[in-house]
Amino acid sequence: MDTTLAETTEPALSTLSGLRFSKGHGTGNDFVLVADPEGVHTITAEAVAALCDRHRGIGGDGLIRAVPSRFLPEGRELLAAAPDAAWFMDYRNGDGSLSEMCGNGVRVFVHFLRTEGLIELPDGGALTIGTRAGVKTVVRTGEGYAVDMGPWEFIFPGEATAKAMDSLVTAEGLEVPRPALSVSMGNPHTVVALAELSELAGTRLFTAPVVDPVPANGTNVEFVVPSEPLVHDGVGSVTMRVHERGVGETQSCGTGACAAAVAIRHWAGAEAPDAWRVHVPGGVVGVKFFAGPGGHEHVELSGPAVIVANGTLS
């Protein structure tokens, strides 16, 4: 499908006339995508918010600019250690704020590079990219893409180790604050376990949950229900909803799915599996834990990526 966005009254968009864009999603987590191979486009936070507006713009949970790493200070810093990271995922949340990382966005970003003819990536091939959460390696699979998300860590490791929780989360629809565990996947997450799917459905995420204490840069909040049984054929399974910083509730969150698996596996104990399926409103993503370099455990996120439209701003 090819679309043209009609003239808008949003002043923030007036400087972007003629800009080509695509719209894509990974399990319903949707993005406006812009190719900038010459590093010439300046898209302000206000313009991002206008583009991602679901009523007066294109609509999206965030905006991804595909730009060569050499055009960004963050990208040049990464190139010094990883010269193969030629492309940088310049990502902003739907409100225009910068974000360190987006797991679903990484898959859609690489798929966008392919569909734009900016890279060649055969099935089974790997691509190294730059992000504000560091260098990531993406492998094209028959069912989509798998991303080495790098190492995870607890944001409050002392409390996580001693008490298996580090904060309390208050959300509309839940009668009392719930204990939670905060996990960094390059960006911050706070995971709450709920007992029943009905409780998950009744949690209202129109407004941001209150987290106490909240991580320094704010946090995404995941509400998770373990399946019964938790493990089937060696794979764990959970159902998740998420409220993302600067966006609100989204259909999926890749880094959030990883964080949810980290927390549930921690709570389940030493016998918990290393492979997980995370069910989100937009579909299912896979999470696997594996030994990374330097003795750090890494997380792999896998799932689909789809481009649904291309167009030009007028």
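Predicted model: local features only at pLDDT ≥ 70, side-chain atom pairs only at ≥ 80, totals over all residues.
One joins D212 and P213, with omega about -5°, and P213 is placed in the loop between β13 (210-212) and β14 (220-232). Another joins E228 and P229, with omega about 0°, and P229 is placed within strand β14. Most residues other than glycine have a negative phi, and most peptide bonds are trans.

## Overall fold and dimensions

The chain has six helices and 20 strands. Its radius of gyration is 19 Å, close to the 20 Å that the globule rule gives for 314 residues, so the chain is as compact as a globular protein of that length. Taken along the principal axes, the C-alpha atoms fill a box of roughly 55 × 40 × 35 Å.

Buried residues make up 50% of the 314 residues, and of the contacts with a separation of 6 or more, 65% are between residues 24 or more positions apart. The chain exposes about 13,500 Å², of which carbon and sulfur atoms supply 53%. The mean positions of its 21 positive and 37 negative charges lie 3 Å apart.

## Helix α3

Helix α3 covers residues 103-115, and at 1.5 Å a residue its 13 residues should span 18 Å, which agrees with the 19 Å between its end C-alpha atoms. Because 11 of the 13 residues are buried, α3 is largely enclosed by the rest of the structure; among the buried residues are R107, H111 and F112. The helix is followed by G117, whose phi is positive, near 75°.

## H279 in strand β17

H279 lies in strand β17 (residues 275-280) and is partly exposed, with a relative accessible area of 29%. The C-alpha atoms of H279 and T239 are separated by 4.6 Å, although these residues are 40 residues apart along the chain. When residues up to four places away in sequence are not counted, H279 touches S237, V238, T239, M240 and V284.

Conventions
Residues numbered from 1 in each chain as written. Heavy atoms only, no water. Helix = DSSP H or I, 4+ residues; strand = E, 2+ residues; numbered from the N terminus. Rg over C-alpha atoms; globule rule 2.2 N^0.38 Å. Buried < 20%, exposed > 50% of the residue type's maximum accessible area, 1.4 Å probe, protein only. Contact = heavy atoms within 4.5 Å. Areas by Shrake-Rupley, 256 points an atom, 1.4 Å probe, with all protein chains shown as cover. Lys, Arg positive; Asp, Glu negative; His and termini not counted. Charge placed at Lys NZ, Arg CZ, Asp CG, Glu CD. Expected span 1.5 Å × (residues − 1).
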